Amino acid sequence: MCGILGSLSTKPINNSKWLSHGRRTLTHRGPDAFGEWVSEDRKAILHHQRLAIIDLTDKSNQPMVSEDNSKSIVFNGEIYNFLEIREKLIRKGVSFRTKSDTEVIVKAYEVWGYNCLNYLNGMFAFAIYDKTKQNVFVARDRAGEKPLFYHHDKENFFFASELKGLFTNPSISRSINLASLDTYLYLGYVPGKRSIIKNIFKLPAAHAMTFSLLDGKLKVWRYWSAPKLEFEQNYKKEDLLEQLEILMRNSVKRQMIADVPVGVLLSGGVDSSLITALASNLRKNLKTFTVKMPGQTKLDESKHALMIANYFSTDHHELEAEPTDIDCLPKLAYFYDEPMADSSMIPTYLVSKLVSDHCKVVLGGDGGDEIFGGYGHHSRLLWMKSRLGKIPLGFRALVSKTSKKFLPLGFKGRNWLEGLGTDLDNDLPIIGNFFDRQSRQSLLPLLRDVKYPAEQIVLDNLPITDDLLQRATRMDFENYLTDDILVKVDRASMANSLEVRAPFLDRELIEFAFSRVPSWLKASKIEKKILPKYLTEKLLPVEFDRKRKQGFSIPLSQWLKSGPFRDYFQDVLMDRDCTFDRYFIDKLFKSLDSGRANSERLFALMIFELWKKEHKIYF
């Protein structure tokens, strides 16, 4: 896990001071070592901050240069199957100077070119400067676990792991992209290739690109897509269950490889408990971690985690976090260099901070819900289609329109009633939206000028499939997981120099889930994550609660009723310099007091304001 930064140009680079400043903003991503590399013609400069996980020697520091000096790489992430790839390359006569996965990427590129991506199984964002081709080759992993932002003009290409790294470049403006802000207020995050800043983009997950130092041209392509479900009439649950267990064992085994201590984030839910069961077979005295929040009994999962820890005899650590400290909010605005309306970033950050005192690498359960149908809305969508699918769409659309017009924001069930107007044979309701179009324009009249509204951006990203559950899980995998969940985990963990790995996002497991597991083994009207729960019957104790689903959250609504959080939010949002309409915000606070579920909406606005101030963003 590291921080990477680079500047490439068709002409010799004269102004490079910003790169050193930019690299220092990424120190938290890799405090163990740093490096700089400059090409002979000064058309390419690469910077790196290293978090040493594999091959801790100085030989594996970056930027790493090939033996013939024709290639130079900066790499953020882990290649879990690097030992397998290494063996393949050795059989082809390739020799190695280090034991690192970084060198494996370089050698794989030398042998297979851009097709090296077909061999990589891991989380990664890397850039390889190729002197012979006079270009830079950049790629990002399939799920989007590792970030990469970039700016491109006719002559220059700049990239960084985080926006902060690019903000030190005086030639890049910090002006808001209004279409991205519109989407942020709708979804709570900015999806796809756009960033919140004009002229800065994200390389999408499962994409690669090249920038030519000869003519300045940029080429972007998708190198992988989640496979389509293979049609087989004779699916056997027992066969698929056996395959799932084998793939999970292989994934956990690969992700346990490290030259530093590795632990497991154990919540006591299905995903983390399965990972613990498999990891404990590979390592005695496996370290497991659960976090308690004093006074929050409804959110306390420690007893479930302790039961699993005792059953598998792990070296269990029960850590206490105090999430009511508002001092963490400005820190989050700094580390999350693109705003996110997900208040669970608070406990995620605090957990990462506590665990980093004990481990440098931990395994987590991210990805299981998206690929195996583990969210509540997966079951509710199936219920809607079963119960309401025969009601004429025109009538349902009328109910939807009426609900949107007359029910206030935060009214329980409003989003689902609004979703009744959705054609479930071809579309999906966005039941997690924060502000509808009218509300967004009331919050900020400037958004009336947006010609490409958030609803259209979402529609453009909709997966095409006749299967409703396949459509929903693919949508979650390609959007919510990539641009919310994984961003949340990456920034929170990296802020504390902690590497979080996700066994459920192993390439083979993802492809199995989408190509082999039918919808009836993912979710039904009354059940979620069906196939993994069958595996819990085999691997976990009989007293394990398979129906429990506890998200990683805080009692934000309770905290915003009164006290320091309420005062802080009001100070930020009612300030004269606030971006948003204060009359509308005041109505949100009043609706919260009357029982409406608007705490996350207020969080979305508050964190945006802190972010805008912290990074000196303007309109």
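Modeller: Happy to! In this predicted model, β4 pairs with strand β5 (residues 71-79) in the antiparallel sense, over 2 bridges. Within that pairing, V65 has S72 of β5 as its bridge partner. The two strands belong to an open sheet of 6 strands, which you can follow in the order β4-β5-β6-β7-β11-β12, with antiparallel pairing. At the edges stand β4 (64-65) and β12 (218-222); each has a single partner strand, so one side of each is left without a neighbour in the sheet. As a reminder of what holds such an arrangement together, strands of a sheet pair through backbone hydrogen bonds, either parallel or antiparallel.

Another pairing worth a look is that of β2 with strand β3 (residues 44-50), again antiparallel, over 6 bridges. Here F34 has Q49 of β3 as its bridge partner. These strands form a hairpin with 5 residues between them, and R42 takes a positive phi near 60 degrees there.

At 38% relative accessibility, E318 counts as partly exposed. On the surface, E318 gathers with E320, E322, D325 and D327 in a patch of negative charge.

Key: Residues numbered from 1 in each chain as written. Predicted model: local features only at pLDDT ≥ 70, side-chain atom pairs only at ≥ 80, totals over all residues. Heavy atoms only, no water. Patch = residues over 30% accessible without salt bridge, like charges linked within 9 Å, V, L, I, M, F, W, Y side chains within 5 Å. Areas by Shrake-Rupley, 256 points an atom, 1.4 Å probe, with all protein chains shown as cover. Salt bridge = Lys/Arg side-chain N within 4 Å of Asp/Glu carboxyl O. Lys, Arg positive; Asp, Glu negative; His and termini not counted. Charge placed at Lys NZ, Arg CZ, Asp CG, Glu CD. Buried < 20%, exposed > 50% of the residue type's maximum accessible area, 1.4 Å probe, protein only. Pairing = 2+ DSSP bridges. Helix = DSSP H or I, 4+ residues; strand = E, 2+ residues; numbered from the N terminus.
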